[in-house]
Amino acid sequence: MLAAGEINASLSDAPAGRSADGTDRVRRVKVAAYRLRQWLGSPRPYLMLLGFGLFFAFWYLTVEVWKLPRFSQMPGPTTVISEWLSPDPTYGLSIYSPEYYQHIWVSWRRVSIAFLLATATGVPLGLFLGWSLRFKEYVFPVFELLRPIPPLAWVPLAIIMFQGSETPIVFLTFLASFYATTLNTMLGVESIDVSFVRAAYCLGARRRQVFWHVIVPGAMPFIFTGLQISVGVAWFSLVAGEMVSGQYGLGYLINTSYTMVQYPTMVIGMITLGVVGYATSAAVRIFGNYLMQWRARELAMGGEK
Amino acid sequence: MAGARVGHGGRKVNRAPLPTHDRPSAAAKAPVSPSPARHKGEIRIVNVVKIYGSETASIRAVDNCTFDVPAGKITVVVGPSGCGKTTLLNAIAGFHSITSGTIYLDDALLCGPGRPSAAPGPDRIVVFQNGALFPWKTIIENVAFGPMMQGRLSKKQAFEKGRAMLAEAGLRDLESNYPGEISSGMRRRVEITRALMNDPKVLLLDEPYRALDSLTKSVMHEALLETFDRNQVTIFFITHDLEEAIFLGHRVVIMTTRPCRPKKILTVDIPHPRDYSVLTTKRFREYLDETIAAVHEEALKAFAAGERER
């Protein structure tokens with residue numbers, strides 16, 4: 001991003017462009033530093049750490065100290081963490097084994113493909129559903145009928161429909177994402193204040209211009225909420241798919257380590273899912289904030305409307 | 001705007017004959033500030049009726065409403081909340097149809113028999129109650145929006161004109177901000193500037209200062225009068241604030257409550273430019289008393305009707 005900005009600045013013949021770009025970047029860094037200081041000065045990070053601490057303490061006490069019957073099969077946090085960080089893991093999987101990254105990579109690739117497909121189809125579909133009442137009347141009932149069918153129920157059909165094991169998994173992952181994205185985009189369009197549309201027509205915009213200048217940016221906050229949900233549910237259904245078929249992936253890892261009674265590895269898989277899922281969701285949020293500067297700045301002003 | 005032109009010639013004397021093409025906004029005009037002598041944008045509302053709902057359960061929002069909005073003047077329409085003022089404004093703007101009657105703009109038919117609703121266009125621009133600056137566009141992008149959409153100006157020209165008009169309105173150094181970053185009073189002024197960029201015949205203001213506190217409001221009023229003195233555009237202003245109505249208006253139209261029709265039309269004979277010292281004059285008080293008497297009765301009726309519905 002920085003590189004692109006520099007190229008733009010050097011290409012532009014207006015000297016003002018360069019300095020504005022530079023000061024803007026300086027300002028952004030300063031704002032980020034200020035926010036970090038604010039955050040560290042507030043009780044929030046410490047409460048967060050305390051929360052994690054309590055969680056691990058609860059886990060440790062129930063499993064390793066009190067040895068409650070319900071938790072007798074469960075590996076304790078020290079077992080899991082030492083296995084995870086061990087160069088020579090008992091069950092053959094830790095941060096030192098390339099196989100671990102292979103699992104993460106395969107899952108991540110499946111989610112990415114499915115998420116991109118769902119975004120590429122769901123956002124336009126949602127925009128048209130919200131924009132054209134007639135289109136909605138045709139499409140939405142079918143959509144609503146298909147939506148409650150859980151991805152797991154699609155498993156047999158997906159296996160019959162698609163060759164190999166890769167495509168069915170991507171298809172299942174896609175489904176859940178697609179519904180979340182489409183529905184939120186549609187709601188986003190419907191939430192746009194009619195005054196904006198009217199104002200645009202008053203100012204002489206034609207229908208197509210209203211679509212690009214009002215409908216699309218106006219629905220953007222909802223679209224990004226939808227995309228965050230969509231990435232989350234993509235991981236849900238990915239694991240469902242991977243447990244059924246496939247040779248790699250975190251879902252597969254969890255399922256096989258269960259059947260092979262490698263419980264610490266199973267928990268490593270679960271925690272990794274949590275971390276990777278959180279990271280992708282955060283990435284979508286950050287990208288959304290980058291695209292919607294207006295919204296970030298408005299909220300920074302205290303959300304006065 | 002492609003409507004039939006109805007022959008009602010001779011009503012106006014200070015205006016050149018209408019151009020023969022259909023897009024008045026594109027007519028030859030170049031200067032940033034239009035000449036103050038240009039009076040245009042007379043609206044005539046004739047026997048307008050608006051009925052909402054079906055035949056079984058219908059609400060007569062506007063009934064047999066007839067009055068004129070003279071060109072180059074500020075006409076303020078007052079009435080109790082929900083009396084149907086906004087319905088009228090929406091009909092003029094082209095957001096709603098009317099059931100019967102006719103509305104003319106400068107002798108051109110806006111809506112009437114065979115043409116239930118007008119098409120919204122840049123000759124009649126609405127400034128909305130809650131403001132409708134696009135929050136996803138910067139101030140300058142908002143202001144430049146109209147001419148760019150109509151293809152009248154390039155982006156560069158529109159931005160230049162926008163900067164000039166913002167400066168003229170005393171709104172410098174805002175252009176790269178987003179509407180969410182400036183005060184609500186500022187936003188109203190930017191919105192009016194955005195409208196004036198298109199050289200409209202009429203500005204339709206729908207209680208634009210309703211959500212502002214009274215101090216900001218008074219600043220807004222003076223700014224609006226100043227803008228008016230500069231542009232001499234016809235203003236159709238809706239409010240239920242009587243002081244605001246008399247302070248701003250050349251003509252105050254007091255509406256009856258549902259169905260809505262003029263109860264009393266007052267010509268406010270206080271010379272423009274007005275400033276806030278007017279508020280304390282005896283003349284102003286007299287106008288206010290006269291209006292309050294008329295409106296109070298309607299407000300009571302509206303209140304009683306509301307009670308019945310509950």
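**Two chains, question by question**

Mentor: To begin, buried residues make up 33% of the 305 residues in chain A, and please keep in mind throughout that this is a predicted model.

Trainee: How far apart do the C-alpha centres of domain 1 and domain 2 of chain A lie?
Mentor: Chain A is divided into domain 1, residues 2–83, and domain 2, residues 98–300. Their contact takes five residues from domain 1 of chain A and four residues from domain 2 of chain A, and the side of domain 1 that touches domain 2 has two nonpolar, two polar and one charged residues. The C-alpha centres of these two domains of chain A lie 24 Å apart.

Trainee: Which element gives the largest share of the side of chain A that touches chain B?
Mentor: Where the chains meet, 17 residues of chain A are in contact with 21 residues of chain B. The elements that give two or more residues to this side of chain A are helix H9 (194–202), H10 and helix H13 (293–300). The residues of this side of chain A divide into ten nonpolar, four polar and three charged. The largest share, six residues, comes from H9(A).

Trainee: Against which elements do the buried residues of H9(A) pack?
Mentor: The buried residues of H9(A) are Phe196(A), Arg198(A), Ala199(A), Ala200(A), Tyr201(A) and Cys202(A). Just after H9(A), Gly204(A) takes a positive phi of about 95 degrees. The partners of those buried residues of H9(A) are H10 of chain A together with helix H1 (85–93) and strand S6 (124–127) of chain B.

Trainee: Is H10(A) oblique to H11(A) or roughly parallel to it?
Mentor: Helix H10 (residues 207–244) and helix H11 (residues 250–259) of chain A pack with their axes 7 Å apart, at an angle of about 50 degrees. Angles under 35 degrees count as roughly parallel and those from 65 to 115 as roughly perpendicular, so the angle here makes H10(A) and H11(A) oblique.

Trainee: What is the class make-up of the contact of H10(A) with H11(A)?
Mentor: The crossing of H10(A) and H11(A) is right-handed. The contact is made by Leu238(A), Val239(A), Gly241(A), Glu242(A) and Met243(A) of H10(A), and by Leu250(A), Gly251(A), Tyr252(A) and Asn255(A) of H11(A). The residues of this contact between H10(A) and H11(A) divide into five nonpolar, three polar and one charged.

Trainee: Is H8(A) roughly parallel or roughly antiparallel to H10(A)?
Mentor: The axes of helix H8 (residues 166–190) of chain A and H10(A) come within 7 Å and cross at roughly 155 degrees. Angles over 145 degrees count as roughly antiparallel, so the crossing makes H8(A) and H10(A) roughly antiparallel.

Trainee: Is Asn47(B) buried or partly exposed?
Mentor: Asn47(B) is in strand S1 (residues 43–53) of chain B, and Asn47(B) has a positive phi of about 50 degrees although it is not a glycine. Most residues other than glycine have a negative phi. Because 15 other C-beta atoms lie within 10 Å of it, Asn47(B) counts as partly exposed.

Trainee: Is Asp199(B) buried or exposed?
Mentor: Asp199(B) lies in the loop between helix H4 (184–196) and strand S7 (202–206) of chain B, and its phi is near 55 degrees, a positive value in a residue other than glycine. A residue is buried if 20 or more other C-beta atoms lie within 10 Å of its own. Since Asp199(B) has 24 C-beta neighbours inside 10 Å, Asp199(B) counts as buried.

Terms used:
Residues are numbered from 1 along each chain as its sequence is written. Chains are lettered from A and ligands numbered from 1 in the order in which they are written. This is a predicted model: local features need pLDDT of at least 70, side-chain atom pairs count only at pLDDT 80 or more; totals for chains, interfaces and linings use all residues. Axes are lines fitted to C-alpha atoms, for helices over the stretch in contact, and angles run from 0 to 180 degrees between N-to-C directions. Helices (H or I, at least four residues) and strands (E, at least two) are DSSP runs, numbered from the N terminus. A crossing is left-handed if the near helix is turned anticlockwise from the far one by less than a right angle, and right-handed if clockwise. Two residues are in contact if their C-beta atoms, placed from the backbone, lie within 7 Å. Ala, Val, Leu, Ile, Met, Phe, Trp, Tyr, Cys and Pro count as nonpolar, Asp, Glu, Lys and Arg as charged, and the others, Gly among them, as polar. Domain bounds come from an automatic or database domain assignment. A residue is buried if 20 or more other C-beta atoms lie within 10 Å of its own, exposed if 12 or fewer, and partly exposed in between; C-beta atoms are placed from the backbone.
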